[in-house]
Amino acid sequence: MILFKHAARVAAATLALLAASGARADYVWIEPAGAGVRILAGEIGAPRPLSLYGAKILAASGKPVDAPAQGVRWDLPVVPPGDLRFSARAETAAGTLEFLHARSGRHETRAGSDLELVPTQSGGSTFRLFWKGEAVSASQVRVSTATGWHKTLRPAGDGSVTLDTPIPGLYVLVVSARMDGGAAVVDGKRYNEVRHTATLSFREGE
């Protein structure tokens, strides 16, 4: 996938891309399920089937994890150690291509997906957004919990966001970005719009 034709334009185009973030959209997230995890699509509290393709699950080691989809979700009865990542694509009737990324856990301080929220220190509650391995600033990050609590985070001067976690349970942080420039050709197909949406999920205080 080629997002930018010229390397010199990457920084400026990325900032324009992220300035459009914050629009509400479906996403995928990872949540605990007994001794394992499940991967769901839609919105937390309201999962629903999405037509996804190219799904990949990666352990912290980078090794693929096999877990066939079961309707609205993927189930992993046994979780490999470390942070877990999921990615897939979706196409809408309006001609939009969506890249969906999900990460569970906040042990690693590196990014493993094209768009990813990364803790500044292992287990911490301050995060930086990374695009293609470069730290950038999003206009906002949405936070939801399994209990229905919601919050919007705004970046500090250095582009980081910090989350207070007053409620025990599962937290899901969501950021969306639209590619600057409108229409794009990906894998030989033209789309009216290309979006990336990333989530970071973790449990707190339990």
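Before the first selection, a ground rule: two strands count as paired if DSSP finds at least two bridges between them. Also keep in mind that this is a predicted model.

Start with the sheet. Color the strands in the order β4-β7-β8-β18-β15-β12-β13 and you have an open sheet of seven strands with mixed pairing. Its edges are β4 (52–58) and β13 (150–153), each of which pairs on one side only. Going from one strand to the next, the twist averages 15°.

β4 and β7 (residues 84–91) run antiparallel, joined by five bridges. Pick L58 and look across: R85 in β7 stands opposite.

Next, select P64, in the loop between β4 and β5 (69–70). Is P64 buried or exposed? The relative accessible area of P64 is 61%, over the 50% cut-off, so P64 counts as exposed. Leaving out residues up to four places away in sequence, P64 touches I57 and L58.

Time to go inside. The largest nonpolar core has 25 residues, and L117, F127, L163 and L173 have the most contacts inside it. Strands that each supply at least two residues of this core include β8 (96–104), β9 (115–119) and β18 (193–204). Show the neighbors of L117: beyond four places in sequence, its contacts include F127, L173 and L200, along with R103 and R128.

Last stop: another core, apart from that one, has 16 residues, among them W74, L76, A88 and L100.

Note on methods
Residues numbered from 1 in each chain as written. Predicted model: local features only at pLDDT ≥ 70, side-chain atom pairs only at ≥ 80, totals over all residues. Heavy atoms only, no water. Helix = DSSP H or I, 4+ residues; strand = E, 2+ residues; numbered from the N terminus. Axes fitted to C-alpha atoms, helices over the stretch in contact; angles between N-to-C directions. Buried < 20%, exposed > 50% of the residue type's maximum accessible area, 1.4 Å probe, protein only. Contact = heavy atoms within 4.5 Å. Core = buried A, V, L, I, M, F, W, Y, C linked by side-chain atoms within 4.5 Å.
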